[in-house]
Amino acid sequence: MSALQSFGRLSAHHRIGGELRRAAGREALAVIDPATEAKVGEIVDATPAEIASAVTAANDAQRSWRKVNYHRRAELLHEVSRRLMAARPLIAEMLTREMGKPYKESADEVAWSASAVDYYAEVARHEAGRVLGPTVDGQFHFTTKDPLGVVVIILPFNYPLCLLCWQAAAALASGNAVIIKPSEQTTLTTLEFIAAFDALPAGLVQVLAGGGVVGRGLVEHADTHMVAFTGGIETGRLVAEACGRLYKRALIETSGNDPYIVMPSAPIDTAARGAAFGAFLNCGQVCAAAERFYVHERVYDEFVARLVHYARQVRIGNGLERVDMGPLASKRELDRYLRVVAQAKADGAEVLAGGGRPAALKKGWFVDATVLGRVSPTAAIMNNESFGPVAPVCAVKDLDEALALANRSRYGLGATIYTRDLDESMRAVNELEAGMVWVNAPLLDNDAGPFGGRKQSGMGRQLGAEGLDTFRHTKLAMIDSAAKPHDFWWFPYADAEAFPGGPRG
């Protein structure tokens, strides 16, 4: 089946209880290919009855799944990974048509997703609790790990499959069920992607299409037990507030405005290539993208010249062609991003490359790979998430100034520094206020290492052992197999331990 045929088959559907169900709602939202502006399908908000049906199915499935041994869970998750890789060409084409990123990036995302599933299939088996040294002779003290129950996963459009698996794989390996609410812009691809999870028991992984009203219904439902949210700060705050009110566990990731520091000891050409990739990957629609550049004044001119060179080399066009950068994901994102660039110009930034839209592309929501020079550290673009392909560069006099400006932000997701100086490297690792620091290695992920931010970039971690525990309760157990009396602290208290002053009147 072709990608376009799959869009037609999946339009106006949800995946509930192990089957594809026609949506009961009537108002449809068009799904638009951002490269061609052609309608490729539609989605419909899940109704309260459909939400209730999915939650019931999830709880029913989870009660059985939590009893399945870790080895069997691992075998089934590995089968999911195999199915994802077998479906990779179709899923990648669908993601490119629905969201816009180049086919290579879409295919990579499917591979990263499969890798995360394989990782958690094994890591969950590795540690399911630990034995503690007892505080009483002859007793056995230990911890066990319990699943949370039903996990709601609310996803963005920029990495809808990878983030899904970072969270769902850990949740499933821990014994939970998951209900996924995709972005409205990537729902149809997600519905196709989730078919690989049919290797698991029915109802364990479900997808409900729709917007904020569907997400809110899942977050506030009495029979969901955790929420993993990735998106904007304001919506993330609402989700966190709702979960706090309901005493419901939450993983919140709310974007970033990551600094990128370049020092004189850095290999400048390599640093510029890394900067171009960090700023323009996925058309800049990356939560951990390099979004503000602090370059030492001694190498500022050289760095900017090289960055401009690489920005002009970026091939822009339909992601199904030989290109490096596709369009922004929606008309809404295009309009928002153009306002960001216009404000930067108004704030005094010098346009060194790009700055607008490619004249040769008449259809689609394409923009230039843009470099802005001599940007003030107080400019709006240096202090707010741009979420588009723009690299604003600010000159700094030394590392102290670079670190101070990097930390002067409400965000704290990731940070990059290019330097060959070991002392500078370690200062960056120790002093940058971020969840991740990349030294000469921008934007790398590692399934075995935690991903997450500080400040208003969110709370909690995904990936790594930390990501596994995000979806588990830890339970303490103490066993006295002989059931001996605990006279060392039970009643009656020993007279020798009474107040030494004797009876008081």
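How do the residues of the lining of the second largest cavity divide into nonpolar, polar and charged? They divide into six nonpolar, two polar and one charged, where Ala, Val, Leu, Ile, Met, Phe, Trp, Tyr, Cys and Pro count as nonpolar, Asp, Glu, Lys and Arg as charged, and the others, Gly among them, as polar.

## Basis of the model

The structure is a predicted model, in which local features need pLDDT of at least 70 and side-chain atom pairs count only at pLDDT 80 or more, while totals for chains, interfaces and linings use all residues. Residues are numbered from 1 along each chain as its sequence is written, and side-chain values use heavy atoms, with hydrogens and water left out.

## Cavities

A search of the whole structure finds two cavities of 30 Å³ or more; on a 1 Å grid over the protein atoms alone, a cavity is a set of points where a 1.4 Å probe fits but cannot get out, and lining residues have an atom within 4 Å of a point. Grid points are joined across faces, edges and corners, and a volume is the space filled by probe spheres set on the points. The second largest cavity holds about 40 Å³ of space, and its lining is made up of D258, P259, G278, A288, A289, A290, T416, P442 and L443.

The largest cavity has a volume of about 80 Å³ and is lined by 15 residues, of which P259, R292, A406, G414 and E433 lie nearest its centre. At least two lining residues each come from strand 12 (258–262), helix 13 (399–407), strand 17 (411–412) and strand 18 (414–418), helices (H or I, at least four residues) and strands (E, at least two) being DSSP runs numbered from the N terminus. By class, this lining has seven nonpolar, four polar and four charged residues.

## The second largest pocket

A pocket is an open set of points with protein on both sides within 12 Å along at least five of seven lines. The second largest pocket has a volume of about 880 Å³, and among its 33 lining residues E105, Y159, F277, L281 and L443 lie nearest its centre. Helix 5, helix 6, helix 10 (268–280) and helix 11 (300–313) each supply at least two residues of this lining, with the largest share, five residues, coming from helix 5. The lining comprises 22 nonpolar, four polar and seven charged residues.

## Packing around helix 5

Helix 5 (residues 103–126) and helix 6 (residues 160–173) pack at an angle of about 15°, with their axes 8 Å apart; axes are lines fitted to C-alpha atoms, for helices over the stretch in contact, and angles run from 0 to 180 degrees between N-to-C directions. Helix 5 is therefore roughly parallel to helix 6, since angles under 35 degrees count as roughly parallel, over 145 as roughly antiparallel, 65 to 115 as roughly perpendicular and the rest as oblique. The contact between helix 5 and helix 6 (heavy atoms within 4.5 Å) includes W112 and Y120 of helix 5 and C165 and W166 of helix 6, and by class it has 14 nonpolar, one polar and one charged residues.

Helix 4 (residues 88–99) packs against helix 5 at an angle of about 125°, with their axes 8 Å apart, which means that helix 4 is oblique to helix 5. Residues in this contact include R88, E93 and L95 of helix 4 and Y103, D108 and E109 of helix 5, and the contact has eight nonpolar, two polar and four charged residues.

## Backbone details

A cis peptide bond joins F491 and P492, with omega about -5°, and P492 is placed in the segment after strand 22 (472–479). N440, in the loop between strand 19 (436–439) and strand 20 (454–455), has phi near 60°, a positive value in a residue other than glycine.
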